[in-house]
Amino acid sequence: MLQHFDPNKDYGTPASLSEKLVTLEIDGVEVTVPEGTSVMRAAAMYDINIPKLCATDNLEAFGSCRICAVQIEGRRGTPASCTTPVDAGMKVTTQNDKLAKLRRNIMELYISDHPLDCLTCPANGDCELQNMAGAVGLREVRYGFEGNNHLHAEKDQSNPYFTFDASKCIVCSRCVRACSEVQGTFALTIDGRGFDSKVAAGQNEQFLDSECVSCGACVQACPTATLMENSVIDMGTPEHSVTTTCAYCGVGCSFKAEMKGDQLVRMVPAKDGDANHGHSCVKGRFAFGYATHKDRIKAPMIRDSIDQPWKEVSWEEAIGFAAKRLKDIQAQYGRESIGGITSSRCTNEETYLVQKLIRAAFGNNNTDTCARVCHSPTGYGLKQTLGESAGTQTFDSVMFSDCILVIGANPTDAHPVFGSLMRRRLREGASLIVTDPREIDLLSTPHLGDATHLPLRPGTNVAMVNALAHVVVTEGYEDKEFIASRCDTKAYSKWREFIIDERHAPEAVEAITGVSAEKVRAAARKFATAKNASIYYGLGVTEHSQGSTTVMGIANLALATGNIGREGVGVNPLRGQNNVQGSCDMGSFPHELPGYQHVADSVARARFEKAWGVELDDEPGLRIPNMFDAALAGEFRAMYVQGEDIAQSDPNTQHVEAALSALDCLIVQDIFLNETAKYAHVLLPGSTFLEKNGTFTNAERRINRVRKVMAPVAGKEDWEVTVDLANALGYPMSYSHPSEIMDEIASLTPSFANVSYERLEEHGSLQWPCNDAFPMGSPIMHTESFPIGDEGKAKFAVTEFVPTTERANSRFPLLLTTGRILSQYNVGAQTRRTDNQAWHDEDILELHPHDAEERGIKTGDWLGITSRAGHTVLRARVAERMQPGVVYTTFHHPGSGANVITTNNSDWATNCPEYKVTAVQVEKVSQPSQWQKNFQDNHERQYEFLRGSASSEAKAIK
Amino acid sequence: MFHTEEESIVTMINHIAQNNVSAGTESDVADMVESHITKFWSRRMKKILAEQLATGTEEFEPAAKVAAQRISDKLAEKA
């Protein structure tokens, strides 16, 4: 019998990775499986299905329910098939009278303490206990239901997304094991012994009050209705599903959108998802309610001025209005007076079309993307050193890593599903080095290896990375063979001379970073001597005035130690939004056509000119901050913004607001009236990821399909709106499906040459480069050469540490760094419109007890935060995880004004804002800032313009 | 933190020069700065740079000034 892996089938225990095969006999059938496979899994692989309750194939075998008992020739008793590994020549019997009786007896005991309410149970038809009762032929319960039982156990309904009904629990421990093995949080336990055993969250707390992070792994694992989604309790079980890709972070998890008609009942992580392997986080799993939120923009709207009410119009009128304004402005102020911003939340196809619209129909290169404010230094730094603007590995690669260096990233909050995978590897014994001003949760992960925290001062990453490299080189840890064969000799020699200078020694930079030299040396040795050492970094690296330098320093460190080009190593930028990688790949930057082909490259440009039928500008266009400056100078008059909220996400809010107010025409295409839309003249309804077809590319360069599960609320997918706008401007665009856009992308982008929807359907996902050189895609890059220079050799880069000019002084003695939290996403437009608000309904300023005491501040106090850019007010949380002198907040709530205080300092190479270093002073205050008062007034006014009267939502927004 | 666009343009070119001070001699650094600006800066930014070089009050780093002059010369040639 041929073995096929069916992702929808539960094989009971995890797959064995052994390459050695073992042949045995199960129920007279000869089966051949990898050594180490359980008898249960071996049987399932040949479609021999042994009843089970406590076993499921994403958890290690546990052997508690005993319902999977089998008989094995020559062995005593009835061993559990889940915990019994196969043996060559073994003869297994899975069905006979004795086993049937045993299983019925076990099931009888379970059911004697289980409510007989199948017909009204939310899991009716989707219950493994019910299925197994049927499979073992249970017909009676001889013990009755009168004795001690748990049938009246109280429900825990504290979590907004799922209910814990202890009366239905069979104490199989699947939830407990899922929480520890899959998620790595260890929030659940079995409390008590024997009959009193019960599942408990935290220290016998309500789920919401415990350490539970609501990833949904326990709900997924539960074989009964004990842990059940509230949406299923309310709506019933789904009747069909569509596999698609999550639109939250850059992990790009695959989900089955389970539907009832056109209503989404639940999102279930896909077991065959190449990025997430069946795991999820609270956002992707549960926070989809925003798609049907009452605030959705459902019709196109226009107005002449931002001080006027919106007028609801037809698509034709709105597009016509927008096109006329754009044409009139260009006629009056010139070709370069307009531009646009693509979205890292939209699909590759939509992003490609927006930049095409700008380059071909607007006739300039004034296109940029929100990657400008997050990972543009990654694009620059990795291109300079490794030759490609992308991470080198798969997520799964971390499972082969022996030492993991995390710099300026907080994966358990910002990339939770990957964070769980990393935690799994750490529990297996990989060592961990974290370079971060804050003590992040990853450091508390239980693991066998030791964790090292290098709590550096904000703004000193380059000094730290150089110090690590200095130790590698001066203590003789270089991988000389790798360097000689894979790296450019001249660049290496120059860098080596630079890095061995004593000014980079840990002792010399101790005063800069604030981290002891001894600790830095130990960390460098640990990294350099690991068999496989990997680097993961995030916005704590890029969002600095030296962000690009740090990225190059990270590449230097990986190259010097030979940690590139195989499993378990590499340079891994953790991308923030779902399609940051894709938006960069698709030519969103003003200097690059799709596939990172420079606009001045006449050969590349000619191919686009031929395909698009227009002459293209060979000069880079305006970047986002330049657009703002040009708007204030009166030279940039109109902007098309698809799916981004620059008024909230970009730094120095008051400057951004002034620039947006100066525009003659702002066209915003979004699902909500976001902060930017409050300055718009044309509001075009956007479509959520559930309402369209396309692809996203995640942080591991994986191109995943996005599939439409419901109709767009206003009738058009986002790409269709861009097509309409292009046609109205007189530039013809004609596509009947996003697959045709992808075909065009593939024809013009060498790294996407072999990508098509057909191939994506066939393979599930593809990682670029995917072309004739790499027909099946490239899970690991740079295995043999680098796409740089004539010889394909990586280039070390000299990484001078230039301190930021944003420094603390007596007036602004603290350094503010901003970041993200697990339950909210980016500007919060989506997650604030879900029950995720239960975890984080306002942005808080965290500060060290020492700084708090000095200022008489207690948790909960209102604090005025003043920087060189502005002033805002937030509540305080005194937190030991902060280092003295450093304060932290998030920017998920627009009314917080976190970016009112961030400055216009930026990365020297890319203009990525320096969000991570702002000198501030904090003091206790009693009222909101003037900006916050103005914000609230404008918020209410703009919602009034939208709806005719101020909505309750508008009043309630923070 | 800067307050005008002109100030920001000169700050940026100086910043590029400072971050590449180890590229070699002043001329090497100027080469790098010129190449960077040619590749990444918009026409408008280059124009403001040239104006600042000619008439502005902002102070240039030596290598940045050399690069700015070259950029300015190229703009003049194109015009």
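## Model and numbering

The model is predicted: local features need pLDDT of at least 70, side-chain atom pairs count only at pLDDT 80 or more, and totals for chains, interfaces and linings use all residues. Residues are numbered from 1 along each chain as its sequence is written, while chains are lettered from A and ligands numbered from 1 in the order in which they are written.

## Domains of chain A

Chain A splits into five parts: domain 1 (1-95), domain 2 (122-132 + 143-292), domain 3 (301-374 + 579-767), domain 4 (376-573) and domain 5 (814-956). These bounds come from an automatic or database domain assignment.

## Domain 3 against domain 5

The centres of domain 3 and domain 5 of chain A, taken over C-alpha atoms, lie 29 Å apart. In the contact between them, domain 3 of chain A places 21 residues and domain 5 of chain A places 23. Two residues are in contact if their C-beta atoms, placed from the backbone, lie within 7 Å.

On the domain 3 side, helix H23 (646-649) and helix H24 (653-662) of chain A each supply at least two residues. H24(A) gives the most, with three. Helices (H or I, at least four residues) and strands (E, at least two) are DSSP runs, numbered from the N terminus. By class, this side of domain 3 has seven nonpolar, eight polar and six charged residues. Nonpolar covers Ala, Val, Leu, Ile, Met, Phe, Trp, Tyr, Cys and Pro; charged covers Asp, Glu, Lys and Arg; the others, Gly among them, are polar.

## Chain B against chain A

Here 19 residues of chain B meet 26 residues of chain A. Helices H1 (5-19), H2 (26-40) and H3 (43-55) of chain B each give two or more residues to the chain B side. H1(B) gives the most, with six. The chain B side divides into eight nonpolar, seven polar and four charged residues.

## Strand E18 of chain A

Strand E18 (residues 431-435) of chain A is mostly covered, with five of its five residues buried. A residue is buried if 20 or more other C-beta atoms lie within 10 Å of its own, exposed if 12 or fewer, and partly exposed in between; C-beta atoms are placed from the backbone. Ser431(A), Ile433(A) and Thr435(A) point one way, Leu432(A) and Val434(A) the other.

E18(A) has parallel partners. Strand E17 (residues 403-407) of chain A joins E18(A) through five bridges, running parallel. Val406(A) stands opposite Val434(A). Strand E19 (residues 451-454) of chain A also runs parallel to E18(A), through four bridges. There, Thr452(A) is the bridge partner of Ile433(A). Two strands pair if DSSP finds at least two bridges between them.
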